[in-house]
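Work through the exercises below with the sequence and the model side by side. Each task is followed by a stepwise solution.

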Amino acid sequence: MRNISPAPSPAPSRPASARAGSPSGYTSIAVDVGGVIYYDEPFDLAWIQGTYERIRHVEPGLTVSLFLEHINGFYRGEAGTFLSQPPARDSWLDVRQRWTSLVQPIPGAVDAIATLTQHLPVCIVANQPPECHTALQVLGIGQRVELVALDTVVGLSKPDPRFFRWAFDQLGWKASEVLVIGDRPDHDATPALELGCQSALLMPDDCWLAPDKLAPGIEDTYRAVRKDLRILRSRPAQQASWSLASLSDITPSRQKRRRTSGVGCGLDHHNERDA
């Protein structure tokens, strides 16, 4: 696994109308993986680049500009793009074989999980390939949590609230006592709130590093379409969720420091996310 320590980026701005205080009454925590524990973007970009290379192999005349149009189309839900054709499936299989080497942990996330599991039961509920199990073991997280529930193993996926319910049933947890932490209002907050959980949304930074040797324009196009999608996905669940600058904001030591200093617990009522 690459040992990556990206330079910190400016902290996301807080909503002007942030609600004071923090969620309370939860006795357990369900955590997402992509965008919370490690970055999604390196996997996506490796998959996109692999797809481009495979299509160029059979269609040498393919231009980068046309491929970039297909990236935009795919992420906006258009059918028949290059990213939904067999070369893309082959590229994804290759990415899965390299999964652990592509992992870039979000700064502070692994330590935060280690701290949380010393105080409360924590489980993982995530849309991830089976290789995520190995990655979490390598990070030292798989051994600490009560359960790792992956959609590719369980047969249910977000945003279906039954996926969360399945995980809670395995552990004997009451949904009303669970805090769900994720990065997507549509996939994490919406089903959590439907079940009666509390929801906290993490605002991920952009400290991830793109894989080497991407075709020109792929990274910029991907960054732009991802930013647009985050804004589109942010309503309405954002209005009923708390906001985390990082996973460490929910750790007992961080909350204690904030309480003794007279400021909030770092869990603000979630408004619009810029990125």
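**Exercise 1.** What pLDDT does the protein average, and what share of the residues score at least 70?

*Solution.* Begin with the conventions: residues are numbered from 1 along each chain as its sequence is written. This is a predicted model, in which local features need pLDDT of at least 70, side-chain atom pairs count only at pLDDT 80 or more, and totals for chains, interfaces and linings use all residues; side-chain values use heavy atoms, with hydrogens and water left out. pLDDT is the predictor's confidence in each residue, from 0 to 100. The average is 85, and 80% of the residues score at least 70. Next, take residues 1-21: their pLDDT is below 50, and the stretch has 40 contacts (heavy atoms within 4.5 Å) in the model beyond near neighbours in sequence. Residues 258-275 also have pLDDT below 50, with 64 contacts beyond near neighbours in sequence.

**Exercise 2.** Which residues of helix H8 are buried, and where do they lie around its axis?

*Solution.* Helices (H or I, at least four residues) and strands (E, at least two) are DSSP runs, numbered from the N terminus. Buried means under 20% relative accessible area, exposed over 50%, and partly exposed in between (1.4 Å probe, protein chains only).

1. H8 spans residues 161-171, and its buried residues are Pro 161, Phe 163, Phe 164, Ala 167 and Phe 168.
2. Seen down the axis, these fall within an arc of 160° (taken from the directions from the helix axis to the C-beta atoms), so they line one face of H8.
3. An α-helix has 3.6 residues a turn, so residues three or four places apart point the same way.
4. The buried residues of H8 pack against several elements, including strand S2 (122-126), strand S4 (178-182) and helix H9 (185-195).
5. Gly 172, with a positive phi near 70°, follows H8.

**Exercise 3.** How many aromatic pairs does a search of the whole structure find?

*Solution.* Rings of Phe, Tyr and Trp (its six-membered ring) pair if their centres lie within 6.5 Å; planes under 30 degrees apart count as stacked, over 60 as edge-to-face and the rest as tilted.

1. The search gives 12 pairs.
2. Phe 74 is partly exposed at 27% relative accessibility, whereas Tyr 75 is buried at 14%.
3. Both belong to one aromatic cluster, whose members include Tyr 38, Trp 47 and Trp 208.
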